[in-house]
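Let us walk through this structure step by step. Keep the sequence and the model in view.

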Amino acid sequence: MDRYTVISADCHAGADLLDYRAYLDPQYRDEFDGWATTYVNPFGDLTEADAERNWNSDRRNSDLDAQGIAGEVLFPNTVPPFFPQASLAAPQPESGRELELRWAGLRAHNRWLADFCSLSPERRAGVGQILLGDLDEAIAEIARIAKLGLRGGVLLPGIPPGSGIPQLYAEHWAPLWAACAEAGVVINHHGGNAGPNPTDGWGSAFAVWVYETHWFAHRALWHLIFSGVMDRHPDLTVVFTEQGAGWIPATLDSLDVAAARYARASSAIARFAGPTAGSLTLRPSEYWARQCYVGASFMRPVECAQRHGIGVDRIMWGSDYPHLEGTAPYTREALRHTFSCVPSDEVAAMVGRNAAAVYGFDLECLAPLVNRIGPTVAEVAEPLAAVPADASSTVFEPDPIRAW
C-alpha cells in the first residue's frame, strides 16, 4: 500500500433551488413557482459563488481530487422545495398541508441526488431523506430510496422534545425499522437536528444549543438499544455522523452498567426498566461493535487517541465538504495532523476501508483514481509542523483542556 483510499463519510450536496422544479411531482410545480419567487435563502454560503460546490459535479470532483478524496457520502445541504431552511435544521411543519409540501420537496431532492450520484457513481454514495410526520409515507420512501440506488442509505431525522412525534424508542416505529431492514439500507443519524431550536437569539440560548446539540443526537443510540431494535434487527447498520467521536467510549461504559442493572432481577431499578431493556441478549457495547459506526467528521487528534475504545473498525473519517468547519482546502494537512503517529493499517481502515464496506464503494474501481490523487502513506506519516495560518476547520483547534 503506497497510497490511502480516502472516502469521506460526511460530505454535503444539494441542487440549486430552481433546479429542483423538474424533479417535483407535476401537481406541485405551479405552487413551487410561486413559493420560489418569494423565498429568501437565510444562508450566505448558499447564495455566494462558491455555493455551486453543492451541485457543480466537475468542480466538486476537482476539489476532491486536490484534497486526495476518492469517494464521498452525500448528506443534504441546500434548501429543498417548500422548506423554510435547509432540511437538517428546519423546524417541524405546523400543518398537514405543510407536511405534504415538504414531502414533495424531499422526494424531489432524492430524485435529484440519484441523478447527481450517477454522474460519478464510483465516487458518490447519496443519503436519501425522509420525514417522520407520516409513518406510511416514510416507509414508502425508504423503498424508493433503495430503488433509486442511493447506497448511502436513509437519513433518520431527529425528534426534538415537544414535537408531538413519538420518540425513537416508541413501539410506533417498529414498521420503520422493519422497512429499513427489508430494504437493506444504512440508517444515518446526523448531528444538529434532534434538539430544540434556540428561541432567544444569539445569547446564552444559542450557547446552550451548541453545547447540547450533539447530546440530543447521541440519544438515538440508547433509544435503539433499549427498545430492542438492535436485538430484533441484527443486520441493521446505524451510523452516527458529525456529532463527535470522543463521547463513545464513556457512553458505552455507562450503557453497559445500566443494562446490567436492568437485567438483574434483584435490582430495584429493574422493576421500572421494562421487559425489553431487561432482556437484551448483548451488552450495549456489543451492539455497537456489531452494528454501529461513527462518521467522524474532521476528526481531531484527541479523538483519534481514543480510537481503540471506539473501535478502529467502527470509525469512518469525514471531511464535511463544503462546510467551513470542514477540512477543505487543507484536507491533506488535516490527515497528517490527526493520523501521523497512527499505524498505517489503522489509518487505512479509518480514512476509507470502513466506509467502503458500509456504503458499498468498489475499491478496485476506485484504484486508478487513488493511484493518481490519493495521499501517500509517507505523506500522512509526516507530522504537521505548523497549522496553515488561514485554516478554519475545527480539526486544527488545540486540545481545549490544554488550551484553557
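Two strands pair if DSSP finds at least two bridges between them. Helices (H or I, at least four residues) and strands (E, at least two) are DSSP runs, numbered from the N terminus. This is a predicted model: local features need pLDDT of at least 70, side-chain atom pairs count only at pLDDT 80 or more, and totals for chains, interfaces and linings use all residues. Residues are numbered from 1 along each chain as its sequence is written, and side-chain values use heavy atoms, leaving out hydrogens and water.

Start at strand E7 (residues 292-297). It runs parallel to E8, and four bridges join the two. Ala296 has Trp317 of E8 as its bridge partner. Strand E8 spans residues 315-318 and is covered on both faces. Ile315 and Trp317 are buried on one side, Met316 and Gly318 on the other. Buried means under 20% relative accessible area, exposed over 50%, partly exposed in between (1.4 Å probe, protein chains only).

Now follow the loop between E8 and helix H13 (331-339), where Pro322 lies. The peptide bond from Tyr321 to Pro322 is cis, with omega near 5 degrees. Pro329 is in the loop between E8 and H13 too. The bond from Ala328 to Pro329 is also a cis peptide bond, with omega near 0 degrees.

Asp320 sits in that loop between E8 and H13. Asp320 is not a glycine, yet its phi is positive, about 65 degrees. Is Asp320 buried or exposed? Its relative accessible area is 0%, so Asp320 is buried.
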